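Here is a guided walk through one protein chain. Have the model open beside you and follow along.

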Amino acid sequence: MDIDDDGDLDIVQVRRGGSIHVYRNDFASTGSSGSSVLVRLVGKGGNTSAAGAWATAQIAGKTMVRHLVANTGYGGSGLWRLHLGLGKSSQIDQLVVHWPSGKTSSFGPVAAGSKLVVTEP
Ligand SMILES: [Ca+2]
């Protein structure tokens with residue numbers, strides 16, 4: 001998850017019956033890492049969190065796929081948004097969201113550093 005909303009991924013670890021550990025990733029602020037695009041999806045009907053949606057991103061001739069899942073293992077939880085790492089690329093050429101209902105949303109280019117909210121059509 002990205003606890004400080006700066007586009008790089010951080011980790012929060014909660015041990016059963018134990019303490020909470022937060023590992024904040026400050027690598028992006030050093031200028032040493034690449035950029036990213038964050039996409040929050042808003043579904044319709046009973047699935048407003050868009051669980052089960054997925055997206056494909058065309059970035060510099062390569063295809064990236066990201067799935068929005070409800071959890072990431074025992075007691076785990078994901079971002080509830082898509083984190084698309086761009087490396088040194090300056091944009092996503094085309095982004096296609098595939099909704100659980102079967103609908104799609106397509107747009108682009110999307111500049112690095114963007115934070116999008118996409119609503120199901
Ligand atoms: Ca972060």
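Let's start in a loop: P109 sits between strand 9 (104–107) and strand 10 (110–111), where strands are DSSP runs of E of at least two residues, helices are runs of H or I of at least four, and both are numbered from the N terminus. The peptide bond leading from G108 into P109 is cis, with omega near 0°. For background, most residues other than glycine have a negative phi, and most peptide bonds are trans.

Before going on, note that this is a predicted model, in which local features need pLDDT of at least 70, side-chain atom pairs count only at pLDDT 80 or more, and totals for chains, interfaces and linings use all residues. Residues are numbered from 1 along each chain as its sequence is written.

Stepping back, the protein chain has 11 strands and zero helices. A50, in the loop between strand 3 and strand 4, has a positive phi of about 65° although it is not a glycine. A60, in the loop between strand 4 and strand 5 (62–67), also has a positive phi, of about 50°.
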